[in-house]
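Hi,

Here is the structure I promised to pass on.

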Amino acid sequence: MAASKHTRKGEPGTNPVFRELFRNSNLSDKRQQEWQDAVRHAGTGTPPLRFPVYEHLYQFNLCAEKMVELLEELSSKFAIEPKALLYHQSLIQYARAVISLDIVESMAGVEHTEAWLFQTQQRSEEEKLRDPDDVYITVRHREAERIKMGLPPRIRFLDEPRSAKKPVGKQTRAIRST
């Protein structure tokens, strides 16, 4: 009896197509859990955002920048020493950068997983829409391109009339015999 690594039920808000993709993939349970944790908050905020974390990160960075600017203004009104000003501004910018980095790194895994999910879903949908006979049209176009480039055809279609030209091998024998 085979056992599946996918014994957990899908999150109620998880797209059923994605649940099936996760179930049929070699994607780690950790990656699946990261994605589900991130999308659990989908639809929150005003307006609803796919990942409200990006809006919060943007706001956080704006506030940090505003703090640096306010500190600059304070230094001009209240004699803050230039070295101390630079030190305090760098502390603010360092905290902003480290926090942003942590958030962006954690979201990178989610984005990679989503890229894989949506690409897999796109391929699946394209496969459903694709006509299996399109391959023959593509081959005909490619053969026409080869002929225009002066290359010999690789295949012959049964529904095309045979060429009146004699093969090159017979022509060279006929020329040699004369």
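Predicted model: local features only at pLDDT ≥ 70, side-chain atom pairs only at ≥ 80, totals over all residues.

Residues are numbered from 1 along each chain as its sequence is written, and side-chain values use heavy atoms, with hydrogens and water left out.

The protein chain has six helices and zero strands (DSSP runs, H or I of at least four residues for helices and E of at least two for strands, numbered from the N terminus). Of its 178 residues, 19% are buried (under 20% relative accessible area, with a 1.4 Å probe and protein chains only). The chain exposes about 14,200 Å², and 60% of that comes from carbon and sulfur atoms (Shrake-Rupley method, 1.4 Å probe). If you take contacts (heavy atoms within 4.5 Å) between residues at least 6 apart in sequence, 53% of them join residues at least 24 apart.

Helix α3 covers residues 52–77, and its 26 residues reach 37 Å from first C-alpha to last, close to the 38 Å expected (1.5 Å times one less than the number of residues). Its buried residues are P52, L57, N61, A64, V68, L71 and S75, and their cover includes α4 (82–129).

Why does a span of 21 Å agree with helix α5 (residues 134–148)? Because its 15 residues should span 21 Å at 1.5 Å a residue, and its end C-alpha atoms are 21 Å apart. After α5 comes G150, with a positive phi near 85°.

Best wishes

Note on methods:
Buried < 20%, exposed > 50% of the residue type's maximum accessible area, 1.4 Å probe, protein only.
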